[in-house]
Amino acid sequence: MYVSVAVMDTGIFRHMDFDTRIAGFADFVGRKKYLYDDNGHGTHVAGIIAGSGKGSNGKYRGIAPDTFLVSVKVLDKSGNGKIENVVEAAGWIIENKSAMNIRVVNISFGTRAKMENGPAIETGEDDYALIMAVEKMWDSGIVVVAAAGNNGPGNTSVTAPGISKKIITVGAFDDKNFFSGRGPTRECIVKPEVVVTGSNIIACNNRQGRYSSKSGTSMATPVVCGALALALQKNPKLRPEELKLKLYESARKETGMSMAWGVLDVDNLLALV
């Protein structure tokens, strides 16, 4: 059975790399009924997860090119959003998860109060509503994966909702160092759980057949989502907590990554599931 990944972001452009695999779209910003991405960030994230590489003769394929996509627009053309829209969108995802077989949710944004670069959500001082929304999705049986934010590498620099103890949080590094947010959280939870390269990632943009390069934990997060989609395609019975454990067991321990479980190893993960 096919697996769908919901991408909460700026929307999605009908890029040729997505073929007919856009299974759904909901707009909580402009309330439009047709597919669009007035920023390009969401399309790029979706391409990392599930682009077929059709427009590049296979050069820029996503991690899980057979995966279906559900685009949930919660960020505007500037890449910013509001907490109430995210909470509403989370409820919509839960309501539609069975009909669209949504198994994974990608969240490549964090709270404005802690994030200097990249998409941001207005939450003020209290991140509680945002964290509750993502944890409700997790409790409903959906694997939720969020970016750690780009405010690292200092301690306690992970953005919400990545500070949630339930969901999976993704950090990023380049060929020189680890640059994303890191824990521990206020509850002394290790964050991020896994890290992957997040620099100069090439994927679809919001022009037909075209690609662009972006960097940050926003780009690292869909790499993990794609790997988890592959794992669920192989073993659809896995619950979120079981898949999180497999991620822990399969992560590659490397020097300099002691703040996390380790580096994502897709082959190890798939071998375990």
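**View 1. Helix α4 is largely enclosed by the rest of the structure, because 15 of its 18 residues are buried.** Buried denotes under 20% relative accessible area (1.4 Å probe, protein chains only). This is a predicted model, in which local features need pLDDT of at least 70 and side-chain atom pairs count only at pLDDT 80 or more, while totals for chains, interfaces and linings use all residues. Residues are numbered from 1 along each chain as its sequence is written, and side-chain values use heavy atoms, with hydrogens and water left out.

**View 2. The length of helix α4 agrees with expectation.** The helix comprises residues 217-234, and at 1.5 Å a residue it should span 26 Å; the expected span is 1.5 Å times one less than the number of residues. The C-alpha atoms at its ends lie 26 Å apart.

**View 3. Arg103 belongs to strand β5.** This strand covers residues 102-107; a strand is a DSSP run (E) of at least two residues, and a helix (H or I) one of at least four. Arg103 is buried but forms no salt bridge, that is, a side-chain nitrogen of Lys or Arg within 4 Å of a carboxyl oxygen of Asp or Glu. The nearest side chain of opposite charge is that of Glu242, 7.7 Å away.

**View 4. The side chain of Arg103 reaches a backbone oxygen.** That oxygen belongs to Pro236, at 2.9 Å. Leaving aside residues up to four places away in sequence, Arg103 touches Val3, Ser4, Ile142, Val143, Leu232, Pro236 and Leu238, where contact means heavy atoms within 4.5 Å.

How values were computed
Buried means under 20% relative accessible area, exposed over 50%, partly exposed in between (1.4 Å probe, protein chains only). Lys and Arg count as positive and Asp and Glu as negative; His and the chain ends are not counted. A polar contact is a pair of N or O atoms within 3.5 Å; within protein, one must be able to donate a hydrogen and the other to accept it, and residues adjacent in sequence count only if both atoms are side-chain atoms.
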